[in-house]
Amino acid sequence: MNRFVVGVILPLWYKLCCICRVKNNILFVVVRGDKLSSDFNVIKKYIKKDEELSKYKRVYHYLTLGRGTRLKYIGRCISLMPKLAKARYVFMSDGSNIVASLCMRKGTTLVQTWHGCGALKKFGNDVDIKKSYFANEDIVTVSSNSVVSIFANAMGIEEKQVCPIGVPHTDVYFSKSFRKHCNNLKEELLGGRNKKIILYAPTFRGDVNSPKDASGLNLDIMYKHLNQEYIVISKLHPLLKPVKKSYRHRDFYYDVGSVWSIEEALCVCDILITDYASIVFDYSLLNKPAIFYAYDLNEYEKEVGFYLNYRDEIPGAICTSTMDVIKEVKNGSFDVSSMKSFREKYMSACDGYATQRLLDKITNN
């Protein structure tokens, strides 16, 4: 967007909107996409049950970055300003140069839940210090104490603002009703077949504003070697387009991207195949095996980079071809102990009570 609009027009409009008083409003800002994030859905449910916060008015605003014309996007940014000015609490799960450009008023608390646990691939200031997507965060929720300094540096904020109290959406993994729901999904998908489920969930390549699809696994080869014992489901990164082509072995491959959440897909599967996606941190809570299809690891390390030693710390076999992946699946000798140590280091604050701790923190403040 035009620098003059971001740096002058919107901050000035926000300042004028601050003439009005802060109200008992809770604002959820969706930067990308047209649905509430998993964190927002969990927080919303808890708010409805909270004696104090349930009295607040809940407001939702969709910036839907990258959707529609530039003029329409500017309009959505302009309409966000009065909502921000009136809000007591603002929840975001992504960075935004629009919000970062403002001088936020006193009386408003901005909570950044971020959309990924742990700290795998570099982001924020560690990728491009010239672009500011974080500045006004009062509270940032993270999954363990081991990533506090990483988030502080990447977001350009003080460590005291980064709170290792757990990430809200991870609470669902500890819910008996959610696990039962996922078991029902699994039974429905299998339809009585005695097979295991492989989830393929790759991340995107390139810039967030112009993402590139990951080179997918060769489904024909996988079908030839695995169809007797397995089926494959896919859940692509939200920035990636869903698979359009129809696959002839429809009883083997299913794209669940539009019907299941990533939390559902992780719980349903028996084996995860991913690459550099942060979902591996979520997955570690389930104590199941993972395979990492990192065919472009050297290139990715140079272009993006990691916060951890990928080759040494990643909790599973690293493969560079479809046949390598198939061999690992058929071998079946997965070492889940590495997943346990990975979880203990990066997910220690995620125990099913993260959302309650977050709401206690903002109300006590």
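Modeller: Two strands pair if DSSP finds at least two bridges between them; helices (H or I, at least four residues) and strands (E, at least two) are DSSP runs, numbered from the N terminus. Here E1 and E2 run parallel and are joined by six bridges, and Val29 has His61 in E2 as its bridge partner. This is a predicted model, in which local features need pLDDT of at least 70 and side-chain atom pairs count only at pLDDT 80 or more, while totals for chains, interfaces and linings use all residues. Residues are numbered from 1 along each chain as its sequence is written, and side-chain values use heavy atoms, with hydrogens and water left out.

Colleague: Which residues of H2 are buried, and which are exposed?

Modeller: Buried means under 20% relative accessible area, exposed over 50%, and partly exposed in between (1.4 Å probe, protein chains only). In H2, the buried residues are Asp39, Phe40, Val42, Ile43 and Ile47. They lie on the same side of H2 because they cover an arc of only 165° around the axis, the arc being that of the directions from the helix axis to the C-beta atoms. Lys45 and Lys49, on the other side of H2, are exposed.

Colleague: Which residues touch the most other members of the largest nonpolar core?

Modeller: A nonpolar core is a set of buried Ala, Val, Leu, Ile, Met, Phe, Trp, Tyr and Cys residues joined through side-chain atoms within 4.5 Å. In the largest, of 61 residues, they are Phe151, Phe281 and Tyr310. Helix H5 (residues 148–155) supplies the largest share of this core, six residues.
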